[in-house]
Amino acid sequence: MANLKEIRNRISSVSSTMQITSAMKMVSAAKLKKAQDAITAMRPYAEKLTEILQSLSASMEGEIGGEFTTQREVKKVLIVAITSNRGLCGAFNTNVIKQVKVLADSYVGKKVDVVAIGKKGNDVLGKTCSVIANKSEVFDALTFDNVAAISELLTEKFISGDYDKIEIVYNQFKNAATQIVQTEQFLPLAPVVGAAVASSDYIFEPSKEEIVLTLIPKSLKTQLYKAIRDSFASEHGARMTAMHKATDNATELRNQLKLTYNKARQAAITNEILEIVGGAEALKG
């Protein structure tokens, strides 16, 4: 009977775990809908802003962008690693951390630092990489203004010459089951290749140069905000998928334990019956 009690305890434990994972799946599904709507609504704006900037830049003679487009010999690199503050989301954080390490290793002989956005990335990367800042608090209030402050910090570090190149590594949201690890160059701005030339029928007020130099900082803030929004939606999608699989596994394990329990119980009952029959036959003899 001790064995039966042990199995009953395991069934109870697995059932409790299944209830937790199921609840977490429903919470993530609810949060995913809101995060997905946010990134879906933002992408057209971000793409249009980039299109306008490229169109203006392509229509201008000479190099425009000033300090934002300065191409320097790459000696110091800053990688922005966007992960999550919480776990239980499958390989979501692991994939970004792996990509950051691969990217850092590719800059042989160069100084590579990391800015962590997300506690999980900060905890792991802090052991092997040089993490100069942890901006995990941005997820407590994910607004454009809070992200803009991080973008301004990154821009300042590039313009001041602290770093010659800044790159962002994050999970791009495709759907609830698929997240794609992306590496994007943040600064310097990459040269425009094959951009459409703005029509000369447009009248620019003030000048094209002033418009471009005004759009660049806004475009950088939007790029970072989109990356963090993408990562935020991907996190909930990954967690929902992970908790769905965990619930299915727990259900399967519980069913197996119930089957084992029933077999053990039947065997115990059979043994008791045999003992009773054997005792009765002994008394008859």
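A81 stands opposite V169 in strand β4; strands here are DSSP runs of E with at least two residues, helices are runs of H or I with at least four, and both are numbered from the N terminus. The model is a predicted one, in which local features need pLDDT of at least 70 and side-chain atom pairs count only at pLDDT 80 or more, while totals for chains, interfaces and linings use all residues. Residues are numbered from 1 along each chain as its sequence is written, and side-chain values use heavy atoms, with hydrogens and water left out.

**The sheet**

Strand β4 (residues 165-175) pairs with β1 in the parallel sense, where pairing requires that DSSP finds at least two bridges between two strands. L78 has I166 as its bridge partner in β4. On β2, V112 is the bridge partner of V77. The two pairings of β1 are listed below.

| Pair | Sense | Bridges |
|---|---|---|
| β1 with β2 (residues 111-117) | parallel | 7 |
| β1 with β4 (residues 165-175) | parallel | 5 |

Strand β1 (residues 76-82) is mostly covered, with 6 of its 7 residues buried. Buried stands for under 20% relative accessible area, exposed for over 50%, and partly exposed for values in between, with a 1.4 Å probe and protein chains only. From β1 the chain passes through α2 to β2, and this β-α-β crossover is right-handed. That term applies if the path from the first strand over the helix to the second runs clockwise, with the strands pointing away from the viewer.

The open sheet has 5 strands in the order β3-β2-β1-β4-β5, and its pairing is mixed. Its edge strands, β3 (130-134) and β5 (178-187), each pair on one side only. On average, neighbouring strands of this sheet are turned by 25° against each other, direction ignored.

**Helices**

Helix α3 lies across β1, β2 and β3 and runs at about 155° to β3. Helix α4 (residues 144-159) lies across β1, β2, β3, β4 and β5, at about 45° to β5. Axes are lines fitted to C-alpha atoms, for helices over the stretch in contact, and the angles run from 0 to 180 degrees between N-to-C directions. Contact means heavy atoms within 4.5 Å.

Helices α2 (residues 92-106) and α3 (residues 119-128) pack at an angle of about 35°, and their axes are 10 Å apart. The crossing of α2 past α3 is right-handed, that is, the near helix is turned clockwise from the far one by less than a right angle. On the α2 side the contact holds N93, I97, V100 and K101, which meet K120, G121, V124, L125 and T128 of α3. These residues divide into 4 nonpolar, 3 polar and 2 charged. Ala, Val, Leu, Ile, Met, Phe, Trp, Tyr, Cys and Pro count as nonpolar, Asp, Glu, Lys and Arg as charged, and the others, Gly among them, as polar.

**Loops**

The loop between β1 and α2 contains G87. G87 counts as partly exposed because its relative accessibility is 25%. Leaving aside residues up to four places away in sequence, G87 touches K120 and R239. Its C-alpha atom is separated by 39 Å from that of E67, 20 residues apart along the chain.

L88 is found in the loop between β1 and α2. This residue has a positive phi of about 55° although it is not a glycine. With a relative accessible area of 55%, L88 is exposed.

A cis peptide bond, with omega about -5°, joins L187 and P188. P188 lies in the loop between β5 and α5 (208-284).
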